[in-house]
Amino acid sequence: MDGLNKNQANKYSIIVPTYNERLNIGLIVYLIFKHLKDVDFEVIVVDDGSPDGTQDIVIQLQKVYGEDRILLRPRAKKLGLGTAYIHGMKHASGNFVVIMDADLSHHPKYLPRFISKQKETRADIVTGTRYVKGGGVHGWNLMRKLTSRGANVLAQTFLWPGVSDLTGSFRLYRKSVLEDIISCCVSKGYVFQMEMIVRASRKGYHIEEVPITFVDRVFGSSKLGGSEIVEYLKGLAYLLVTT
């Protein structure tokens, strides 16, 4: 299995889905390079036809860091988070895959901790968590904090997944494990992250957690709304029946 040979040099493919992230993508790429100086990695930007010029910024970043380090793999329109990861994986040359948001809510400073945790524990998945000691959230109002916490409590109660933060989307996977799990998932949007970790738990994959502080986006607007909450509840019911 990939990543098991101690003498093998691991490579990390960092998939960053974007939509209208022109103001964020340059900084997130800079921070990734800053914190992974001695790591073999590539950044795969999957942009869903952003009208704000996100792709133009990525092309400029390719001139700075190289087209072999910054891969722009656009799609014509918004097609969902799950399919964005599938699209990105088709172009991933690493044996590990990192998924993270482009809006700076997932700080790249945690990436070395993810990598160290995986190497120490031989984990199949390392996921960031807001809900253990050392983790937290900044920039959310009380209602959003209660919504997120409530969503996780519901999932913990009914699905017993063995992890503390099911709705987070900052994770490191063995590529082969991600390919296996993602082929079983049917959910879209924000429910997709929960289904991924629940399926992984049911399949017996080794999952470890790293405390992170989630910071609400500085530039742009949040894409979470009432419709996503409804979809989450539907997804919870679906997973309760099918897993």
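Mentor: Let's take E1, H1 and E2, which together form a right-handed β-α-β unit. Keep in mind that this is a predicted model. E1 covers residues 11–18, H1 covers 25–35 and E2 covers 40–47. The two strands, E1 and E2, lie parallel and are joined by 8 bridges. If you want a spot to look at, find Ser-13, which sits opposite Glu-42 in E2.

Now follow the chain onward. From E2 it passes through H2 to E3, in another β-α-β crossover that is right-handed. E2 and E3 are also parallel, with 3 bridges between them, and Val-45 has Leu-72 in E3 as its bridge partner. As for burial, 7 of the 8 residues of E2 are buried, so this strand is largely enclosed by the rest of the structure.

What about the inside? The largest nonpolar core has 32 residues, and Ile-14, Ile-25 and Ile-32 are the ones touching the most other members. Among the elements that each give at least two residues to this core are E1, H1, E2, H2 and E3. H1 provides the largest share, 6 residues.

Have a look at Ile-32 up close. Setting aside neighbours within four places in sequence, Ile-32 makes contact with Ile-14, Phe-41, Val-43, Met-100, Pro-108 and Leu-111. There's also a second, separate core of 27 residues, and Val-46, Ile-99, Tyr-173 and Ile-197 are among its members.

How values were computed: Residues are numbered from 1 along each chain as its sequence is written. This is a predicted model: local features need pLDDT of at least 70, side-chain atom pairs count only at pLDDT 80 or more; totals for chains, interfaces and linings use all residues. Side-chain values use heavy atoms; hydrogens and water are left out. A nonpolar core is a set of buried Ala, Val, Leu, Ile, Met, Phe, Trp, Tyr and Cys residues joined through side-chain atoms within 4.5 Å. Buried means under 20% relative accessible area, exposed over 50%, partly exposed in between (1.4 Å probe, protein chains only). Helices (H or I, at least four residues) and strands (E, at least two) are DSSP runs, numbered from the N terminus. Contact means heavy atoms within 4.5 Å. Two strands pair if DSSP finds at least two bridges between them. A crossover is right-handed if, with the strands pointing away from the viewer, the path from the first strand over the helix to the second runs clockwise.
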